[in-house]
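Me: I would like a close look at a single part of this model. Please walk me through it in short steps.

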Amino acid sequence: MGAKPLGRAANRGQIGKGNTEVATATPAEIKIGPTHEEHPGFWRSYVFSVDHKVIGKQYLGLSLFMALIGGAAAYLIRWQLAWPETYVPGWGYVEPQQYNAIITMHGTIMIFFVAMPFVLGAFGNYLIPLMVGADDMAFPRLNMMSFWTLAAGSTVLIASFFVPAGPASGGWTAYAPLSARPIYTGVTWGQNLWIVAVAIEFASFLMGGINFLTTALNLRAPGMTLWRLPMLVWMELIAAVLFLLSVGPLIAGSFMLLLDRVAGTGFFVPDKGGDPLLWQHLFWFFGHPEVYVVGLPGFGIMMEIIPVFSRKPLYGYKTIVWGSLAAGVLSFVVWAHHMFVSGMDPRLATPFSITTILISVPFAIMVFSMLATLWGGRIELTTPMLFAVGGLATFIIGGVTGIFLGSAGLDVYLHGTYFVVAHFHYTLMPMVFFGGFAGLYYWFPKMFGRMMNETLGKVHFFFTFICFNCVFIPLFMAGVAGNPRRIYELSSYDFLKPAQHLHVIATIATLGLLAGQVPFVINFFMSMWKGREAGRNPWLANTLEWCTDSPPPHGNFSEPVMVYRDPYEYGNPDAPKDWMAQNEPPAEPAPQPQAGGLRLKGTGTV
Amino acid sequence: MLSWLPQNISTFGGDVDHLFRIIYYITGVWFVAAELLLLYFLVRYHKSRRAKSVYVRGNGAQSAWVLVPVLVVLVLDLSIDKVGGEVWNRIKIDLPPAGDVVHITGKQFNWEFTYPGPDGKFGTADDQTIENELHVPAGTVVRFELTSNDVIHSFFIPTLRLKQDAMPGRRIKGWFEATQPGTYEIACAELCGFGHYSMHGVLTVHSAQDYRKWVQSRWGAPQTAAK
């Protein structure tokens with residue numbers, strides 16, 4: 001700690017013992033520049049690194065790797081639905097039991113091991129310290145531990161593919177008693193490992209969440225008030241709080257489920273006096289906030305990118321923050337909308353229906369604010385911008401279809417059909433993948449020092465955007481036709497015969513969607529070594545991560561960072577150019593930056 | 001989209017479809033407006049047409065541009081809540097007086113329908129349990145009690161617009177009234193194991209006359225069945 005540069009040592013001082021470290025640092029110890037161990041060696045640099053940037057990249061790598069498995073599962077599901085019981089190229093025949101396992105693992109992997117590590121793990125870890133002007137996370141070792149805990153969880157989940165009787169097949173929601181007793185599915189260790197893997201994943205993100213929260217609140221550079229935080233930091237912060245507050249019951253629930261399976265307890269087994277509905281309450285009390293945990297950061301990414309390529313300030317910054325906080329609070333009182341027809345007291349449906357539909361209000365605020373940001377801008381459709389506005393365009397569909405399902409009276413019919421499947425893919429895909437890809441194309445130059453190829457990027461975008469819509473619009477129709485989800489094949493129902501061709505369209509589009517990711521993979525690796533040099537600030541953006549080298553050195557900033565203004569000062573007529581970096585001193589002598597805002601932070605004295 | 005709704009044969013199905021249409025048109029207007037606006041902005045304010053952007057932050061008074069449409073959203077939300085709440089109450093809360101009663105039990109991977117027989121009482125010798133076949137008269141309120149022997153199933157008849165989970169350890173009451181004779185499919189809408197996809201049954205709605213015939217064919221003529 002003694003070797004920290006002065007400015008950051010002052011920041012650090014606020015979380016613990018006050019500013020004594022500044023006082024005790026002798027002049028010889030104060031030096032500017034990368035200050036961690038000089039040559040940490042291969043293992044310490046790339047594997048067991050405590051640097052938030054390396055950890056962010058590790059999360060990125062892990063999530064993209066898991067996305068390959070999740071995507072392969074989607075391929076098998078779609079093939080089976082379009083052309084039931086035919087030979088799936090590269091795999092073989094899909095059996096009914098196997099089909100249930102594949103849908104279970106697809107959902108589990110995509111939510112817990114792709115969405116969370118991608119938009120929270122990768123972007124949160126990489127960007128929060130850079131954006132608030134800190135040299136690392138508040139607890140670097142805890143950060144490293146959170147990643148390796150997640151890696152352990154992923155390993156356990158992947159191991160479950162190889163145990164006798166196969167992986168879990170009770171759905172990603174693992175409804176008891178199907179999941180609580182091996183006799184109902186025939187799955188033994190697969191389900192146990194599933195529970196363990198998911199519980200480990202929760203533990204990992206608990207550690208990560210503590211870090212996000214502490215870093216964003218306590219390690220902000222002097223002048224970085226809460227109202228000057230980039231929107232992505234706000235969103236990661238709210239997501240972290242939602243996760244921390246909601247996951248506890250489900251961690252307990254997962255232990256209870258495991259005990260039901262291996263120790264003969266009966267928390268969720270009615271024969272033993274337990275209640276299957278309890279599991280659903282525990283699961284969805286977490287499960288609904290979880291949607292915003294993975295969703296809000298994706299929105300945050302879009303809100304970083306849209307102002308930059310519209311050359312306009314983000315419209316309604318404070319309204320968005322208050323709206324997001326409201327969405328966060330509301331997300332704790334909507335969970336039973338997943339359970340309207342579950343057999344819970346039907347009188348509960350109406351209050352939960354009202355809160356659910358009210359969620360449209362904060363999301364409408366975010367959507368309108370993004371639209372208003374585009375209004376009057378000078379819009380440049382780079383690849384990150386295309387993914388951001390493409391994500392906005394698709395999210396609108398996900399948003400409006402939520403009203404159908406949130407209305408309990410209509411949910412009686414639509415619950416558990418493909419309408420639900422299409423709806424949540426239309427909310428999660430825009431926020432996680434469109435938002436995530438937008439973020440990758442946007443921050444890739446910062447992460448790797450080189451630009452990604454724009455042509456390949458645009459090919460990737462148009463393939464993804466068109467094919468994605470062609471997959472899920474037909475599935476809305478299948479849902480309206482009454483097609484239940486998780487059905488191995490449709491042909492056993494006569495009323496689903498007309499929906500069969502919808503599944504063929506969706507499957508062909510899925511093949512296009514998967515093929516459309518190839519340009520991204522090529523672009524990603526090619527640009528890493530051969531891309532055009534990016535320089536510090538290729539997009540002429542204002543936030544702090546752009547004022548340091550690309551990639552930033554260990555310790556992030558080579559000189560102390562001071563923040564003078566809001567993050568989205570684009571096109572200000574009083575400025576000499578159309579952007580003003582947050583750390584750029586004003587032309588006239590600067591007043592001392594004040595710690596204003598919500599006063600959660602003391603001043604960083606300089 | 002609306003044309004994909006299957007035929008409706010229940011008294012409350014029309015309400016569900018009506019609710020569907022209301023939400024479809026309200027959200028449809030917003031959807032089209034938002035997408036067109038987005039597209040228009042991308043074209044109109046593209047950099048090839050613009051030398052400079054307008055400088056607006058939109059805090060304070062200017063947030064009205066966002067908050068006014070949001071207020072409209074709020075009003076529409078509440079009106080949807082009102083209609084939806086009424087539909088929900090009719091289907092799930094205000095159960096009408098019983099006509100016929102049937103007990104439905106889900107089990108991996110069949111539906112069992114138990115009829116009380118001519119004495120109208122369950123637990124007597126003339127109860128009959130039929131697998132995967134539900135027979136009801138048209139124009140009569142049918143009350144059911146739904147449960148499960150093993151895992152959660154979901155009793156789903158698309159043409160009735162009816163869905164209710166079958167929960168082990170609970171007996172859940174519900175009702176429907178079919179309007180048109182015919183045969184319709186019953187699906188399971190909750191993942192219940194490897195045979196989930198094949199857990200289907202058939203609902204036969206008889207005219208009043210046909211229903212008497214069917215009862216006779218199962219229980220014999222009324223005088224012999226009465227004890």
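Reply: What follows starts with a pair of helices and then turns to the other chain.

This is a predicted model. Take helix H13 of chain A, residues 360-374, and helix H14 of chain A, residues 383-406. Their axes come within 11 Å. They cross at roughly 160°. Angles over 145 degrees count as roughly antiparallel, so H13(A) and H14(A) are roughly antiparallel to each other. The crossing of the two is left-handed.

Which residues make the contact between H13(A) and H14(A)? From H13(A) come Ser360(A), Phe363(A), Val367(A) and Met370(A). H14(A) brings Leu392(A), Ile396(A), Gly399(A), Gly402(A) and Ile403(A). By class, 6 of the contact residues are nonpolar and 3 are polar. None is charged.

Now to the side of chain B that touches chain A. The contact takes 75 residues from chain B and 84 residues from chain A. On the chain B side, H1, H2, E6, E7 and E9 each supply at least two residues. H2(B) gives the most, with 16 residues. That side has 44 nonpolar, 16 polar and 15 charged residues.

E6(B), residues 153-157, and E9(B), residues 182-188, run in the antiparallel sense over 2 bridges. Here Phe155(B) stands opposite Cys188(B). E9(B) also pairs with E10(B), residues 201-206, in the antiparallel sense. That pairing has 5 bridges.

Terms used: Residues are numbered from 1 along each chain as its sequence is written. Chains are lettered from A and ligands numbered from 1 in the order in which they are written. This is a predicted model: local features need pLDDT of at least 70, side-chain atom pairs count only at pLDDT 80 or more; totals for chains, interfaces and linings use all residues. Axes are lines fitted to C-alpha atoms, for helices over the stretch in contact, and angles run from 0 to 180 degrees between N-to-C directions. Helices (H or I, at least four residues) and strands (E, at least two) are DSSP runs, numbered from the N terminus. Angles under 35 degrees count as roughly parallel, over 145 as roughly antiparallel, 65 to 115 as roughly perpendicular and the rest as oblique. A crossing is left-handed if the near helix is turned anticlockwise from the far one by less than a right angle, and right-handed if clockwise. Two residues are in contact if their C-beta atoms, placed from the backbone, lie within 7 Å. Ala, Val, Leu, Ile, Met, Phe, Trp, Tyr, Cys and Pro count as nonpolar, Asp, Glu, Lys and Arg as charged, and the others, Gly among them, as polar. Two strands pair if DSSP finds at least two bridges between them.
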